[in-house]
Amino acid sequence: MTALYWHTCGEGKRDFVLLHGWGLNADVWHCIINRLAPHFRLHLVDLPGYGRSSGYGDMSLSEMATVVLNQAPEKALWLGWSMGGLVASQIALNQPEQVIGLITVSSSPCFSAQDDWPGIKPEILAGFKQQLHDNFPRTIERFLSLQTLGIASARKDTKFLKSLVSYQQSAEVLMKGLEIVQTTDLRSALADCSVPFLRIYGDRDELVPSRVATLLDGAWPTTQSAIIDNAAHVPFMSHPDDFLALIIHFSQRDDLHD
């Protein structure tokens, strides 16, 4: 039977599920686990097909959300970083009664740039898919390097991200992940989401421009946004104090009901 890697730790009473991004695994949260553990019961997941959950084949966003939700606690706070934000958002849309709060980090409901929408240019995403086919390790390293561009801790953070990559991952799974990033658009669906929702961005993010925050503030007026100064795509690594303060404050909202 295919197993989903799921590690639970922490001394808190509130369940908190953390979902990583494309090409990585739950070890990406290593830098903040000790500081979150006193506050939450943490659930660290390797998404289907990634890391230690490599027994799964390529999946659609909806399929991935279903697999993760099937193993999740009945009511939890959910956080998704980058592509993981799409998975967490899909779970909130599918089963809002199981999601007491949703946090997305350096994520977008629509990663692909459009005429009136900032994001990753479609030709760049298409190029990544071709390069993934031609040179698997180099393409992952290039993608990870983009996540730390322009920040003071870029060299250290990129080195850590690269240390997490398993080059035994299926190229088909990674290709499908890029397709999810390239084609998914949850802007309209999430406009009607009733779950308390916090969106966290870095003002130097090359993959999810911070202007997305402003546009969604107007489109989704019941949600909250926060932009961390001088952070790029991995604010929980480069600016852990600012990041953790936002998480703790959001988790104390009166309308989060276990």
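# A tour of cavities, helix contacts and loops

The lining of the second largest cavity is made up of seven nonpolar residues, one polar residue and no charged residue. Here Ala, Val, Leu, Ile, Met, Phe, Trp, Tyr, Cys and Pro count as nonpolar, Asp, Glu, Lys and Arg as charged, and the others, Gly among them, as polar.

Before going on, note that this is a predicted model, in which local features need pLDDT of at least 70 and side-chain atom pairs count only at pLDDT 80 or more, while totals for chains, interfaces and linings use all residues. Residues are numbered from 1 along each chain as its sequence is written, and side-chain values use heavy atoms, with hydrogens and water left out.

## Stop 1: the cavities

To see that lining, select Trp 22, Ser 82, Met 83, Phe 111, Ile 120, Phe 143, Val 181 and Leu 207. A cavity is a set of points, on a 1 Å grid over the protein atoms alone, where a 1.4 Å probe fits but cannot get out; lining residues have an atom within 4 Å of a point. Grid points are joined across faces, edges and corners, and a volume is the space filled by probe spheres set on the points.

How many cavities of 30 Å³ or more are there? The count comes to three. The largest cavity has a volume of about 60 Å³. It has 14 lining residues, and those closest to its centre are Ser 89, Thr 104, Ser 108, Pro 109 and Phe 197. Helix H3 (83-94) and strand S6 (197-202) are the elements that give two or more residues to this lining. Helices (H or I, at least four residues) and strands (E, at least two) are DSSP runs, numbered from the N terminus. By class, the lining of the largest cavity has eight nonpolar, five polar and one charged residue.

## Stop 2: Ser 82

Go back to Ser 82, one of the residues lining the second largest cavity. Ser 82 sits in the loop between strand S4 (76-81) and H3. Its phi is near 55°, a positive value in a residue other than glycine. Most residues other than glycine have a negative phi. Is Ser 82 buried or exposed? With 7% relative accessibility, Ser 82 counts as buried. Buried means under 20% relative accessible area, exposed over 50%, and partly exposed in between (1.4 Å probe, protein chains only).

## Stop 3: H2 against H3

Select helix H2 (residues 61-70) together with H3: their axes come within 9 Å and cross at roughly 75°. Axes are lines fitted to C-alpha atoms, for helices over the stretch in contact, and angles run from 0 to 180 degrees between N-to-C directions. H2 and H3 are therefore roughly perpendicular to each other. Angles under 35 degrees count as roughly parallel, over 145 as roughly antiparallel, 65 to 115 as roughly perpendicular and the rest as oblique.

On the H2 side, show Leu 61, Ser 62, Met 64, Ala 65, Val 68 and Leu 69; they meet Met 83, Leu 86, Val 87, Gln 90, Ile 91 and Asn 94 in H3. Contact means heavy atoms within 4.5 Å. This contact has nine nonpolar, three polar and no charged residues.

## Stop 4: Gln 98

Next pick Gln 98, in the loop between H3 and strand S5 (99-105). Gln 98 is buried, at a relative accessible area of 19%. Apart from neighbours within four places in sequence, Gln 98 is in contact with Leu 69, Pro 73, Glu 74, Lys 75, Ala 76 and Trp 78.

## Stop 5: H4 and its two partners

Helix H4 (residues 122-134) packs with helix H5 (residues 136-146) at an angle of about 140°, their axes 6 Å apart. H4 and H5 are therefore oblique to each other.

Now bring up helix H7 (residues 171-183), whose axis comes within 10 Å of that of H4 and crosses it at roughly 175°. H4 and H7 are therefore roughly antiparallel to each other. The contact of H4 with H7 has ten nonpolar, two polar and two charged residues.

## Stop 6: Ile 151 and Asn 230

Ile 151 is in the loop between H5 and helix H6 (154-164). Ile 151 is buried, with a relative accessible area of 8%. Beyond its neighbours within four places in sequence, its contacts are Asp 157, Asn 230, Ala 231, Ala 232 and Ser 238.

Finish at Asn 230, in the loop between strand S7 (224-228) and helix H10 (235-238). Asn 230 has a positive phi of about 65° although it is not a glycine. Asn 230 is partly exposed, with a relative accessible area of 37%.

Note on methods
On a 1 Å grid over the protein atoms alone, a cavity is a set of points where a 1.4 Å probe fits but cannot get out, and a pocket is an open set with protein on both sides within 12 Å along at least five of seven lines; lining residues have an atom within 4 Å of a point.
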